[in-house]
There are 2 protein chains.
Amino acid sequence: MMAPWDLYVIITTNLGGGRPTLELVRQALAGGATAIQLREKDLPARELVELGREIRQLTHAAGATFIVNDRLDVALAVEADGVHIGQEDLPARVARELLGPGKILGVSTGTVLEARQAVADGADYLGVGSIYATKSKEDAGEPIGLAGLKAIRAAVTIPLVAIGGINSSNAADVIAAGADGVAVVSAVIGAPDIAAAARELLAAVRRARH
Amino acid sequence: MMAPWDLYVIITTNLGGGRPTLELVRQALAGGATAIQLREKDLPARELVELGREIRQLTHAAGATFIVNDRLDVALAVEADGVHIGQEDLPARVARELLGPGKILGVSTGTVLEARQAVADGADYLGVGSIYATKSKEDAGEPIGLAGLKAIRAAVTIPLVAIGGINSSNAADVIAAGADGVAVVSAVIGAPDIAAAARELLAAVRRARH
Ligand code: NI
């Protein structure tokens with residue numbers, strides 16, 4: 001799959017301005033999102049599976065990668081491409097074993113130590129952040145800045161998806177600092193025109209590589 | 001495993017009178033619990049895995065069955081004997097596929113229709129209830145009574161674990177109505193002396209069979 005991390009849009013329905021989950025996904029994909037993560041902390045598994053199955057179809061049709069946050073069982077149930085885990089979720093090594101080699105494992109990291117550990121545990125990509133201050137991710141700590149991203153870039157070779165306060169104005173800096181792509185929540189799904197916001201951000205990422 | 005369902009104790013730490021999770025488990029096992037279910041709705045997966053690993057050791061040592069509520073991934077991660085799902089959790093058929101044949105699948109049911117469906121989906125036992133009114137299980141509907149239990153008993157042949165308001169005074173009625181065992185939360189883990197409460201309930205269940 002070519003450059004699946006360019007624009008990684010995280011779907012958390014209650015940050016989507018009252019629009020239904022699948023509408024957020026459709027619009028993000030219409031704007032060129034290369035990966036979609038379903039990140040719902042308050043939905044029962046049954047509902048996650050129902051949404052996940054629909055998102056699986058939409059992402060297949062768009063050629064986008066589909067990742068489920070935290071619930072590895074749901075990821076397997078809906079045949080997502082993989083699971084993304086934070087430092088409070090399943091231990092990465094356990095997730096790797098349960099997933100098998102055919103699925104993608106992403107791990108949230110904020111330090112070089114965590115990044116190295118995640119790689120040792122079998123991560124396929126890292127979510128790195130928060131780069132900038134943000135309100136989207138309630139469990140985000142102090143921003144690590146571009147310096148923190150560069151340090152992780154120097155320490156590991158797997159793809160890095162930068163997260164936290166990224167928008168079309170600063171995306172180029174993040175790519176220049178070594179990110180393979182950017183992950184966003186509100187910057188895309190909170191925008192009045194989701195597809196346009198995605199398109200603008202994706203363009204900024206791709207321009208930054210040239 | 002002989003009669004693992006006689007006394008099925010559900011562990012939800014905040015119903016345990018401020019005592020630590022593992023203390024609740026130890027005392028329940030000391031009192032003869034034949035199965036332990038870890039049912040925590042608000043803990044991150046990382047913590048569930050840590051607790052689950054300890055409970056796995058304690059239940060092995062006691063020869064008791066260990067079931068994880070809802071999180072099939074955690075059940076696999078800690079090598080529990082199986083998973084228990086409610087009507088809001090993973091679809092039973094999906095859970096059966098993800099678990100494989102070697103693990104136990106339990107499904108909460110309150111009607112003959114749900115019970116038949118759960119069996120068709122691959123359940124190994126059913127949680128049946130609520131039998132009586134209870135405050136432990138916030139999502140429990142109207143009690144189905146002994147009549148509801150009998151109707152399910154007549155409809156399916158797999159083991160039935162009755163749940164909801166069961167104590168040592170009414171356990172005999174529940175067994176007489178066709179339950180293979182009883183599941184309890186507060187009646188055991190909310191008791192001042194957990195082991196004594198478990199012992200008394202287990203004795204009531206076993207007497208009812210003779
Ligand atoms: Ni949950």
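These numbered points concern a predicted model of chains A and B.

1. Confidence. The overall scores of the model are ipTM 0.86 and pTM 0.91. For chain A the average pLDDT is 95, and 96% of the residues reach at least 70.

2. Extent of the interface. Contacts between the chains involve 20 residues of chain A and 20 residues of chain B. Together the two chains bury about 1700 Å², with 58% of that area on carbon and sulfur atoms. On the chain A side, 32% of the area buried against chain B comes from Arg46(A), Arg71(A) and Asp73(A), more than from any other three residues.

3. Polar and charged pairs. There are 15 residue pairs in polar contact across the interface of chain A and chain B, counting pairs with both residues at pLDDT 80 or more. The interface also has 2 salt bridges. Arg71(A) pairs with Asp70(B) in a salt bridge, where the closest N and O atoms are 3.1 Å apart.

4. Make-up of the chain A side. Three helices of chain A each give at least two residues to the side that touches chain B: H2 (45-62), H3 (72-77) and H4 (92-99). The most comes from H3(A), with 5 residues. Sorted by class, this side of chain A holds 11 nonpolar, 2 polar and 7 charged residues.

5. Arg96(A). This residue sits in helix H4 of chain A. Is Arg96(A) buried or exposed? Arg96(A) counts as buried because its relative accessibility is 16%, and the cut-off for buried is under 20%. A polar atom of the Arg96(A) side chain lies 2.8 Å from the backbone oxygen of Gly100(A). Setting aside residues up to four places away in sequence, Arg96(A) touches Pro101(A), Lys103(A), Leu105(A), Asp121(A), Gly122(A) and Asp124(A).

6. Ile175(A). Helix H7 of chain A, residues 171-176, contains Ile175(A). Ile175(A) is classed as buried because its relative accessible area is 9%. Beyond its neighbours within four places in sequence, Ile175(A) has contacts that include Asp180(A), Gly181(A) and Val182(A). Val205(A), Ala208(A) and Arg209(A) are also in contact with Ile175(A). Between Ile175(A) and Asn14(A) there are 161 residues of separation in sequence, and the C-alpha to C-alpha distance is 28 Å.

Technical notes:
Residues numbered from 1 in each chain as written. Chains lettered and ligands numbered in written order. Heavy atoms only, no water. Contact = heavy atoms within 4.5 Å. Buried area = accessible area lost by both parts, 1.4 Å probe. Salt bridge = Lys/Arg side-chain N within 4 Å of Asp/Glu carboxyl O. Polar contact = N/O pair within 3.5 Å; in protein donor to acceptor, adjacent residues only side chain to side chain. Helix = DSSP H or I, 4+ residues; strand = E, 2+ residues; numbered from the N terminus. Nonpolar A, V, L, I, M, F, W, Y, C, P; charged D, E, K, R; others polar. Buried < 20%, exposed > 50% of the residue type's maximum accessible area, 1.4 Å probe, protein only. pLDDT = per-residue confidence, 0-100.
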